[in-house]
Amino acid sequence: MCSAEAERQPLSLLRDIELNVLECKVCFERFGSSPARRPCALPCGHAVCRHCASALCRRRGQQAQEAAAAAQLECPFCRRSGPLSQAADCLPLLQLAELLSGAGGGPSAAAPPPPPAGGGGGDRRPELSAIFGGWGRLLNPRGLAVCGRSGAVAVVQDGEQPLGLFERGGRPLPGPGREQPLRYPLDVALAGGGQLLLVTDAGDSSLKVFGWRAAAGGRPELQLSHGGFGLPWGLASASADGAVLLLTDWARGSLLRLTLRLPDGGALLRRESLSERLCRPREVAVCPLHGSIHVVEHLAPGPGRRLSTFDSRGQLLRRMDGLGPGPSLPAGLSAIAVDSQGNVLLADGDRGAVLCVGTVDKADRRTIIESGLVRPVALACTGDGSLIVLDAGDHTWKVYTSPQQEPTVLG
């Protein structure tokens, strides 16, 4: 191992500790010795800062003393409730935060230096560079889309704002009004250069198209609701302008190609079935190089998964299910994306990991992210080579960048 690589490892470890251990995952402030930032261990074992622990309290009773005695803490991660009186300072975390601060730790000190110019080869794993969201900003997120032009992020989730919109740096943008009929959204895609938002809604088995109009005051409005599906689930853009999309129908076992009228999204021009008799298809992704389509089937009975790959006309190219000579698939496969080189990336929601299984022409399984994730449910590859992971376990989305590239400045 070269000396430069050996020096990078301790710094990278410190950076991982700063981002994954010493931050409150509700407000994303660093733990510290001040009263508001002291790490507090909840009755379930999870830790947040004292400020957020106080905000999570549900107080009962009319008098101040009664309210304090009856205050209940609900963990934002596992939802377990317990009395405030059982919450205490998490001394190991506090001591670690103070130790690293005293040693000159912190995000700037822990950040690894950029690789040397023309730096050595080898397979470098992506590194965590930013975290956005958190409990109170996202609630049980399920689907993710990123605008290729602006870097804006769209997330479908539970709560009062089932379609959440955010700037590249994480600042919330106005979403659809509460009167907009989204019941239980499962996935989201962008079309028309980010001017249209498409959402699969399991609540009424429809595909809904939102667009921006000047009279809406900057909020997207529902322009079209298209039904006739069994249970529409996954969405993926299949053309550069977003006029063609792929949709999986879980109930009918089908892969559909939809053509939209752009730029106003006035109507669906064509609805074409590319493949039938799939087994409960959900996640779908399209290769930006060759247009090949990757669909994750959820086999029944049992928790098994199968990855089916089709060409742009719907002809089956290959299937991976772990039974043949190719790479095995994780039983907890929960998300899929394809990067600019045609590599297929898979999220394992059970292990909190992201894997690469190679390209259509060359299968090659390897783990590229194995720590820092709780329950990844969606992946998105951006034009600058970053990977965005939607993590339902801690209600965040996380940005990973390649060590070979300069870190992306967000915000």
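This structure holds zero disulfides, a disulfide being a pair of cysteine sulfur atoms within 2.5 Å. Please keep in mind that this is a predicted model: local features need pLDDT of at least 70, side-chain atom pairs count only at pLDDT 80 or more, and totals for chains, interfaces and linings use all residues. Residues are numbered from 1 along each chain as its sequence is written, and side-chain values use heavy atoms, leaving out hydrogens and water.

**Cysteines**

- The cysteine sulfur closest to that of Cys 44 belongs to Cys 75, and at 3.6 Å it is too far for a bond.

**The largest nonpolar core**

- In soluble globular proteins, nonpolar side chains tend to be buried together.
- A nonpolar core here is a set of buried Ala, Val, Leu, Ile, Met, Phe, Trp, Tyr and Cys residues joined through side-chain atoms within 4.5 Å.
- The largest one has 23 residues, and those touching the most other members are Cys 24, Leu 42, Val 48, Cys 52 and Leu 73.
- Two or more residues of this core come from each of strand S2 (47–49), helix H2 (50–55) and helix H4 (91–102); helices (H or I, at least four residues) and strands (E, at least two) are DSSP runs, numbered from the N terminus.
- H4 gives the largest share, three residues.
- Beyond its neighbours within four places in sequence, Leu 42 is in contact (heavy atoms within 4.5 Å) with Val 48, Ala 53, Leu 73, Cys 75 and Pro 76.

**Around Pro 281**

- Pro 281 sits in strand S20, residues 281–286, and is buried, with a relative accessible area of 0%.
- Outside the four places on either side in sequence, its contacts include Trp 233, Trp 250, Val 295 and Glu 297.
- Ser 254 is 27 residues from Pro 281 in sequence, yet their C-alpha atoms are 7.2 Å apart in space.

**A four-stranded sheet**

- Four strands form an open sheet in the order S8-S9-S10-S11, with antiparallel pairing (two strands pair if DSSP finds at least two bridges between them).
- Strands S8 (143–146) and S11 (172–173) stand at the edges with a single partner strand each, so one side of each has no neighbour in the sheet.
- Strand S9 (residues 153–156) pairs with strand S10 (residues 163–166) over four antiparallel bridges, and Val 155 stands opposite Gly 164 in S10.

Key: Buried means under 20% relative accessible area, exposed over 50%, partly exposed in between (1.4 Å probe, protein chains only).
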